[in-house]
Amino acid sequence: MSNTRYSSDHEWARCDDGESATIGITDYAQEQLGDIVFVELPSIGDNFEAGDEVAVIESVKAAAELKTPVSGTVVEINEDLEDAPETVNESPVEDGWFCRLELSDASELDTLMDEDEYQEYTSNLE
Amino acid sequence: MLRSPLHDLHIELGAKMGPFAGFEMPLWYPDKIVAEHKHTRAEASLFDISHMGQASIVGEDSASELERLIPTDLKALPVQKMHYCCFTGDNGGILDDLVITCLGQDYFVVINAARKEHDLNHLRTHITKSAVLEHTENALIALQGPKAAEVLLRLTPQICDLNFMTMGDFAIKGVPCIVSRSGYTGEDGFEISMPAETAMKLAKELLNEPEVRPAGLGARDSLRLEAGLRLYGQDMSTDTTPVEAGIQWTISKSRRSGGARSGGFPGADIILDQLSSGASRRFVGMLPNGRAPVRHGTEICIKDGTSIGQVTSGLFAPSVQAPIAMGYIDRNYASPGTQVKLLLRGKLLSAEIVRLPFVKHRYQNTVKIQSSSTGGKSNV
């Protein structure tokens, strides 16, 4: 888990190979959204800057978006989410990943929070 | 932020709280909306709806006084019977929707939380011969679902005589309550009004029953939407008439053109004209293709992108297992089966116009024990 970094918008990015990162939403975010019923994923080859909206997430109650915490090109998407969006509730940081980006600037990861910092950040939220 | 008398219970149950019409109310409990929704359709759920307004109109002229504001034949409403109505405005628009119960010469109303102040002011401005009393001292809970009657019968054997859209006084586990057989889910169920200080005891008694689980306002919204029930402020407003909103059945025959007491309510000329010639737009149900929920404010279009209406409510419906939506559409496109487009995130998504409700109403008149409630045919 030490390779996982977190944004203040409750997204995570995990980089195991130094070149690409898998991204998704945190347990805190899925808890806030409630039952997730629809996910719209990006397409492979799409380019994004950090902060761009890469996916649409809809719960029964509300619509939200996944903003990528890192810049890069989409190389893999989790198509299973299209038929089973509830996976994001059940396993937000493992099976509920959204997509993998080939990083355009791996140093962006250093600007994000680590596990301890993120825990402290959420514990200070209401 | 106002709190319900059941606030501490919601916290104890682990509710996710949120603001609603000036109140801090439970949006969902740890089971979350989908499970609460499905439990309501299968068993019974307890909803706290204490944010809603409760008031009485007291005095011998109350029926006539109210009929000047509401296009319903209140004089013909039998004692203890309830009627779904609306307050109309001078432009024919809906000022609020409400459920009214005849208590003899007096009437009891349940009004929307967000319109409470408006409605009480409206009543007090126009009603001069009767007194308008708000019952802020009362809590209001709803027990909804096919097992609701069975549960309530266990606690109150006298409840077996209570028919759909009827109200009566009962003691539930020793707590004096006003119970009505009504609700906002499309299922059989009850709404129970009681003094705030007794609400906690009664809510806990009900939650002790094996069939009953708590449900929040999130599930209440998804359930009412599947049942095709309009939400004031979203599906209806001062800019929509009862005819446009498809609730023209709330306008009694005697108050229509040619009726014994025709008109005599705000906006009557506009509304009665729409009743005879039809409104230019109509309230319809829609089934969008795919899985994406379509929300309030989405444009309804034809193929070339020309707008023909707007979605007013929509979500991914837990029991239908598909997105559903309701909204206003040009009457030329309002027939069930018509294919339309919805403008979603810059793309045109196909949808079909369908009849409401999306899930058949299962209102009941008799208390059936050990049955899983086969569907009734009543349509509200």
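The model is predicted, so local features need pLDDT of at least 70 and side-chain atom pairs count only at pLDDT 80 or more, while totals for chains, interfaces and linings use all residues. Residues are numbered from 1 along each chain as its sequence is written, and chains are lettered from A and ligands numbered from 1 in the order in which they are written.

I begin with the fold. Chain B has eight helices and 20 strands, taken as DSSP runs numbered from the N terminus, with helices being H or I of at least four residues and strands E of at least two. Its C-alpha trace spans about 65 × 50 × 40 Å along the principal axes.

Next, the interior. Of the 380 residues of chain B, 49% are buried, that is, 20 or more other C-beta atoms, placed from the backbone, lie within 10 Å of their own. Among contacts in chain B with a separation of 6 or more, 66% join residues 24 or more positions apart; a contact requires C-beta atoms, placed from the backbone, within 7 Å.

Finally, the contact between the chains. Chain B contributes 14 residues and chain A nine residues. On the chain B side, strand S3 (23-28), helix H2 (32-42), helix H7 (217-226) and strand S17 (307-317) each supply at least two residues. H2(B) gives the most, with three residues. That side divides into nine nonpolar, two polar and three charged residues, where Ala, Val, Leu, Ile, Met, Phe, Trp, Tyr, Cys and Pro count as nonpolar, Asp, Glu, Lys and Arg as charged, and the others, Gly among them, as polar.

Definitions and conventions
Contact = placed C-beta atoms within 7 Å. Buried ≥ 20, exposed ≤ 12 C-beta atoms within 10 Å, placed from the backbone.
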